Amino acid sequence: MCFFLLDKISGKFKAIVVCWFLGLGSLVSWNSMLTIGDYYYELFPHYHPSRVLTLVYQPFALGTMAILAYHEAKVDTRKRNLFGYILFCLSTFGLLVIDLATSGKGGIGNYIGICVFVAAFGVADAHVQGGMVGDLAFMCPEFMQSFFAGLAASGALTSGMRLITKAAFDKTDHGDRKGVMLFLAISTFFEFICIFLYAFVFGKLPIVKHFRKKAASEGSKTVSADLAAAGIQTADSETFMLLLQIDDANHERLSNKQLLFKNIDYASDLWLIYVLTLSILPGFLYENTGTHQLGSWYVVVLIAMYNASDLVARYIPLIEFLRLESRKGLFIASLLRLLFVPCFYFTAKYGDQGWMIMLVSFLGLTNGYLTVCVLTVAPKGYRAPEQNALGNLLVVFLLAGVFSGVSLDWLWIIGHGTF
């Protein structure tokens, strides 16, 4: 990665900040859906919103991501990411329009309309998350960490906004609806900011241009449009390669199949991490944790605690001696998280709300920490085109874990007579 030159290239801190905001925009729309789940349960009490909407979202995310990962070497990263952020922005605005047009009424028609926009979230997520992870895989590990910290921050931010709006409008007529309207408007604005940052700021930072020029010199075609937008022609990459004294241009790129076989443990780690997390969050928390002293605030607080701990955990790997890089260690840690299943079952059945809050916080800590460790360690040692491909493949398994998790989440309600 030519780290000996990075100290002389400006823009690293700005790039880290922009990556954080781009990560925020990658999930702020979906996390908005999760955190206003209590409102949708008021409108559609018999339709299992937290479970159904999550199940609608995931097939579109996973299917689109699988197609894009298969063709990643030919996909223009700039167009891919911009399309994703624009679709996020329009879909979030669409949810706001539905609520305005129907005056906050329930009904199957409105529910189907919401499902359509949620499906669009899935398509946008595949474009953005896979595109950004592939792009950042051949840059500084700090960029990847910051991007995933932004993903977690979207959850913490939306939970915080939900708590504020719920408190602010709690005693007013249709208070929940007013809070949700303000909430969706703010989320739409954040998505618009991400469009601007990616289109006009990120690609023009010197350190980002450095990595993309190097990627082009190693045969990557996905960065061409981004380099052109920054005023750099990819034909210049040969000169750049000579300046960096790169002598491995003839090295043949590993195929996607070869990359997957070499990194199947990392892919399995991500699948295990997210199949466990999404089998509990959000459906189990909304429908299977019972009634407690916090009342309607209970689930909102649980989601907020998960998001806050997930965000904190994504910064822990920045401390070198706390970063887990052992392949075997990461796999064992991911596997041990399956013990959360009996823990949540018995806590929901016998424990009080304090124990559940603590358990949800620990779920978030392990989720965020292991995610960043896997995705910053896995791309090391490969050339830029391979790192881009590997980043896309890992996101496929991450989304496959999410889809498996939301499917298994339905098992919690078997025998409860809630269908």
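The legends below describe close-up views of a predicted model.

**View 1. A salt bridge joins D226 and R212.** The side chains of D226 and R212 meet in a salt bridge with an N to O distance of 3.6 Å. This pair connects distant parts of the chain, with D226 in helix α9 (residues 224–229) and R212 in helix α8 (residues 206–217), 14 residues apart. D226 is buried, because its relative accessible area is 2%. R212 is also buried, at 1% relative accessibility. Both residues belong to a network of salt bridges that links R78, D135, R212 and D226. In the whole structure, a search finds ten salt bridges.

**View 2. D265 forms a salt bridge with R327.** The closest N and O atoms of D265 and R327 are 2.7 Å apart. D265 lies in helix α12 (residues 264–280) and R327 in helix α15, so the pair links distant parts of the chain, 62 residues apart. D265 counts as buried at 18% relative accessibility, whereas R327 is partly exposed at 35%.

**View 3. A salt bridge connects two loops through K380 and E325.** The closest N and O atoms of K380 and E325 are 3.5 Å apart. K380 sits in the loop between α17 (353–377) and α18 (384–408), and E325 in the loop between α14 (298–313) and α15, 55 residues apart. K380 is partly exposed, with 47% relative accessibility. E325 is partly exposed as well, at 37%.

**View 4. Nonpolar residues form a surface patch.** F331, I332, L335, L336, L338 and L339 make this patch of about 530 Å². One of them, F331, is placed in helix α15 (residues 327–336). F331 counts as partly exposed, because its relative accessibility is 32%.

Notes:
Residues numbered from 1 in each chain as written. Predicted model: local features only at pLDDT ≥ 70, side-chain atom pairs only at ≥ 80, totals over all residues. Heavy atoms only, no water. Patch = residues over 30% accessible without salt bridge, like charges linked within 9 Å, V, L, I, M, F, W, Y side chains within 5 Å. Areas by Shrake-Rupley, 256 points an atom, 1.4 Å probe, with all protein chains shown as cover. Salt bridge = Lys/Arg side-chain N within 4 Å of Asp/Glu carboxyl O. Helix = DSSP H or I, 4+ residues; strand = E, 2+ residues; numbered from the N terminus. Buried < 20%, exposed > 50% of the residue type's maximum accessible area, 1.4 Å probe, protein only.
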